[in-house]
Amino acid sequence: MNQNDNTCHVSLNPIRILKNEAEEEKAEIARMSSFIGAIAIGDLVKSTLGPKGMDKILVSSGRNAGQVEVTNDGATILKSIGIDNPAAKILVDMSKVQDDEVGDGTTSVTVLAAELLREAEKLIEQKLHPQTIIAGWRIASAAAKQALAEASYDHTTNMNEASLRADLEKIARTTLSSKILSNHKEHFTKLAVDAVLRLKGSGNLKAIQIMKISGGLLEESFLDEGFLLNKKVGVHQPKRIENANILIANTPMDTDKIKIFGSVIKVDSMAKIAELEVAEKEKMKDKVNKILAHKCNVFINRQLIYNYPEQLFADAGVMAIEHADFDGIERLALVTGGEIVSTFDTPEKVKLGHCKLIEQVLIGDESLIRFSGVELGSACTVVIRGATQQVIDEAERSLHDALCVLAATVREPKVIFGGGASEMLMAEAASKAASRTAGKEAIAAEAFAVALRRLPSAVADNAGYDSADLIARLRAHHAQGENTMGLDMENGCVGDMKALGITESYVVKRQVLLSAAEAAEMILRVDNILKSAPRRRGPDRRPC
């Protein structure tokens, strides 16, 4: 060959198109990273599942360093831990959505998604394509959803208030049995059901306020038919008012200082300072007079009320309450029928809140203000007592879950049997769908059924029972069409959930099934993970 020929040299080094600090994971490595992250998250919360599940201690760092939380709520655990794995973050977001949508089932949905991905990992090793697995999962998911709907009992077609209340109580007991309130579930079941039935089907949980007061015992918690505000009335103001007209505001009630940053006022004598102070007082007096022109006898402000306006309200015989937190005044506006105002020039356009009686009450050593006979008659307050702050916080989370589940059930009054009965029912439906499916999709559909059976298996494991034996017995019962059979965790055997009264909300179970299947499908589709390069900070050239 002539050495003068123009030869083309091709570099065998890979061409890098990403920035130096950017990272890329491809194909099997990306998929493996996703599987490992998601399965680790599922294993983290799996031990909290069921009535005999264990708790986790969460210790804060940073600003709240040393703060301790004790909980077995899946959503609380997952949102409190720092996670770097992208697939794990998808499961954390899914548990938050489950918590926002129906309030319970946050652990179940995470564990089911993780178990689906555990099964998918095995199928990938058998050279099944991810799209084939997804097609099989969709077949199984549709069959499971249909079986769940057919097995549910619908109260809308058989509307009976006594029967609905009995089922709501069973659902509340089942929800609370896996929480810290399990020893007092009868007491809190009655509280939760009474509070939700007061809503008269609206499902507006903002009308139910949960107030935590340290001291006493959990069974001393009670339902108050009214609205409680943890604030104090101003000095020398009336402590009790009947037929109250309430003006709710978010406005500054301090003396109007010069609030322009860096402004300077030069005066040539002390008399000028006194004139400024007098002018400020006059301005505040005009504002108070505008407020009194609304013909209100109670004024509640989001911000502080300073001494001078407080004295003016006392002289006018008006009860003034300051520094009511924003959540408090929003809920107060809802239950009293008023609106929050910031300006007071048009009294005729402002809608005042109304209630029959406002008075101070003492609960433990806390002095509270009670609003009785509010316009929104369904409003009520649940007061939670407890020995330590951790117990009260966990009791509030448990009660919140129960209230959310009950409100969702009232909106869509369908119920299903618990104790693993519904999971086994769905697993049987998925297995039958797999046996009718031709092709590799059948293997994926059967894997979906295996993942569903892992939920009752985890419940049995957490109680210290032989899960393999119990699940085999339970599967045999369901194969014979005994769809109400589930796990009796009190006695460690298979029992009839209908006879035991273990009932769950259909809405929660459906959401668990669909959310877990969608999240697992999304993670399984991934074949590349790209991490962008960190943004470099340029030199700070701002003036000092």
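This tour goes through the structure one selection at a time.

The model is predicted, so local features need pLDDT of at least 70 and side-chain atom pairs count only at pLDDT 80 or more, while totals for chains, interfaces and linings use all residues. Residues are numbered from 1 along each chain as its sequence is written, and side-chain values use heavy atoms, with hydrogens and water left out.

**First stop: the nonpolar cores**

Select Leu91, Leu112, Ile133, Trp137, Leu406, Phe448 and Leu524, which have the most contacts inside the largest nonpolar core, a group of 97 residues. A nonpolar core is a set of buried Ala, Val, Leu, Ile, Met, Phe, Trp, Tyr and Cys residues joined through side-chain atoms within 4.5 Å. Buried means under 20% relative accessible area, exposed over 50%, and partly exposed in between (1.4 Å probe, protein chains only).

Which residues does tryptophan 137 touch, not counting those up to four places away in sequence? They are Leu116, Ala120, Ala444, Phe448, Ala520, Glu521 and Leu524; a contact here means heavy atoms within 4.5 Å. Another core, of 22 residues, lies apart from the largest one and includes Ile241, Ile300, Ala324 and Val335.

**Second stop: strand E9**

Ile300 also belongs to strand E9 (residues 298-301), where Val298 and Ile300 point one way, Phe299 and Asn301 point the other way, and all are buried. Helices (H or I, at least four residues) and strands (E, at least two) are DSSP runs, numbered from the N terminus.

Strand E8 (residues 240-249) pairs with E9 in the parallel sense over four bridges; two strands pair if DSSP finds at least two bridges between them. In this pairing, alanine 249 stands opposite asparagine 301. E9 also pairs with strand E10 (residues 319-321), in the parallel sense over three bridges, and there valine 298 stands opposite methionine 319.

Next, select the three strands that form an open sheet in the order E5-E14-E6, with mixed pairing. Why is one side of E5 (208-214) and of E6 (222-224) left without a neighbour in the sheet? Both strands stand at the edges, each with a single partner strand, so one side of each has no neighbour there.

E5 and strand E14 (residues 380-386) run parallel and are joined by seven bridges. Within this pair, isoleucine 213 is opposite arginine 385 of E14. Helix H11 (residues 389-411) packs on the sheet, touching E5 and E14, and its direction makes about 165° with that of E5. Axes are lines fitted to C-alpha atoms, for helices over the stretch in contact, and angles run from 0 to 180 degrees between N-to-C directions.

The structure holds one cavity of 30 Å³ or more, and the volume of the largest cavity is about 50 Å³. On a 1 Å grid over the protein atoms alone, a cavity is a set of points where a 1.4 Å probe fits but cannot get out, and lining residues have an atom within 4 Å of a point. Grid points are joined across faces, edges and corners, and a volume is the space filled by probe spheres set on the points.

To find the cavity, select its lining: Ser108, Leu112, Glu423, Met426, Leu452, Leu455, Lys509, Val512 and Leu513. H16 gives the largest share of this lining, three residues.

**Last stop: asparagine 491**

Finally, select asparagine 491, in the loop between E16 and strand E17 (493-496). Is asparagine 491 buried or exposed? Asparagine 491 is exposed, with a relative accessible area of 57%.

Methods. On a 1 Å grid over the protein atoms alone, a cavity is a set of points where a 1.4 Å probe fits but cannot get out, and a pocket is an open set with protein on both sides within 12 Å along at least five of seven lines; lining residues have an atom within 4 Å of a point.
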